[in-house]
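Welcome! Have a look at the structure below, then work through the exercises one at a time.

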Amino acid sequence: MPLGELEAFLARWGKERYRARQIFRWIYRRFAEDFSAMTDLSKGFREALSGECRVSSPPVGKTDVSGDGTEKTLFRLEDGEAVESVLIPEEDRRTLCISSQAGCALRCGFCATGAAGFRRNMTSAEIVHQACFAAKRLAERGERLTNVVFMGMGEPLENPDEVARTIGILMSPFGFGLSGKRITVSTAGVIPGMLALAEAYPVSFAVSINAPRDDLRSKVMPINRKYPLKDLVAAMKRIPLRSGRKVTAEYVLLAGVNDSPRDAGDLARLLRGSRVKVNLIPFNAHGEGEFASPSPAAADRFREVLLSAGIQTITRERRGADIRAACGQLRGKYPLSPRRVVPILGGTKISGNER
Ligand code: SF4
């Protein structure tokens with residue numbers, strides 16, 4: 001529950017608002033997993049809480065640690081589904097990449113999660129638990145979680161309400177206290193959800209573009225048939241941005257598919273006039289599927305074309321590839337077939353603006 005919801009819930013028991021803050025601190029700062037540990041609450045209150053509520057902490061499967069320090073953790077959900085999150089240590093940051101759905105319905109051609117199909121939406125409790133687990137692990141080493149990116153399994157804006165509730169907890173000063181600048185929601189381009197969330201929270205957005213023309217993008221990302229590039233780029237321009245901030249345009253480079261200089265030129269023209277920075281992501285081969293990683297020369301050439309068009313562009317470092325934790329490689333425990341795809345495009349309701 002975001003703070004406001006918890007306050008309202010406790011008000012029905014006649015409890016003061018600060019009680020909700022106390023509980024938040026216990027859960028998100030001291031990682032208590034049981035109300036009995038919350039010793040500044042009266043015994044009777046703790047018992048009442050234990051009778052009606054639960055601090056959700058789904059069992060953690062295993063954590064794989066990559067040679068570059070990246071850690072991938074498997075979480076088992078109560079109904080047997082499984083999701084993964086990835087903790088990426090960098091010099092001055094500890095970034096957690098979290099999942100928001102078990103599987104994904106959008107079937108982007110290059111993505112292992114999409115290939116496994118959609119299982120179900122995660123609850124905010126399940127989503128935020130990934131952050132609690134990582135923050136606790138970091139605290140044990142005297143470190144702190146600094147950034148959260150919704151780039152794990154699933155399309156966050158196909159699960160907009162639970163993602164918004166999670167963001168409320170991440171941003172609450174009594175929760176994780178992260179600023180919107182440190183939270184990035186990555187979307188395949190669910191336009192209504194993106195605009196609704198941008199209204200509700202000042203988070204950062206990363207939009208997967210992945211092809212500069214509709215014909216090609218529809219092949220790589222079927223969602224393009226519903227939200228084509230022209231509409232998507234127009235929507236990106238409508239995201240309110242504080243000064244100096246930009247929307248990130250993600251572009252997975254697929255050898256021989258979308259990595260030619262012509263593609264780079266078309267992308268530069270498409271993004272002209274937008275406040276964007278481009279993240280180039282050389283495809284991480286995950287063993288199945290038709291795509292291959294681009295050559296370093298092709299990736300460099302692509303970047304040069306964008307830079308010479310005046311577009312800020314970086315090529316993302318590949319992290320965690322040896323433990324299948326890199327972009328597009330997460331798939332929980334699911335086999336890649338048979339496909340179980342449920343078309344759920346279109347859910348866009350965002351509620352709550354909890355801080
Ligand atoms: S890239 Fe993202 S939206 Fe596309 S199938 Fe994978 S998880 Fe879903």
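Helices (H or I, at least four residues) and strands (E, at least two) are DSSP runs, numbered from the N terminus. This is a predicted model, in which local features need pLDDT of at least 70 and side-chain atom pairs count only at pLDDT 80 or more, while totals for chains, interfaces and linings use all residues. Residues are numbered from 1 along each chain as its sequence is written, and side-chain values use heavy atoms, with hydrogens and water left out.

**Exercise 1. Find the domains and describe how they meet.**

Step 1: Divide the protein chain into domain 1 (1–55) and domain 2 (57–323); such bounds come from an automatic or database domain assignment.
Step 2: Locate their C-alpha centres, which lie 33 Å apart.
Step 3: Count contacts, meaning heavy atoms within 4.5 Å. Here 13 residues of domain 1 touch 15 residues of domain 2.
Step 4: Consider the buried area, the accessible area (1.4 Å probe) that two parts lose on being put together, summed over both. The two domains bury about 1,300 Å² between them, with 59% of it on carbon and sulfur atoms. On the domain 1 side, Y28, R29 and F31 lose the most area to domain 2, together 42% of what that side buries.

**Exercise 2. Take a closer look at F31.**

Step 1: Find F31 in the loop between α2 (17–29) and α3 (43–52).
Step 2: Read its phi, near 55°, a positive value in a residue other than glycine.
Step 3: Decide whether F31 is buried or exposed. With a relative accessible area of 16%, F31 is buried.

**Exercise 3. List the partners of I23.**

Step 1: Set aside the neighbours of I23 within four places in sequence.
Step 2: Collect the remaining contacts of I23: L6, L10, F35, M38, L41, F45 and L49.

Notes:
Buried means under 20% relative accessible area, exposed over 50%, partly exposed in between (1.4 Å probe, protein chains only).
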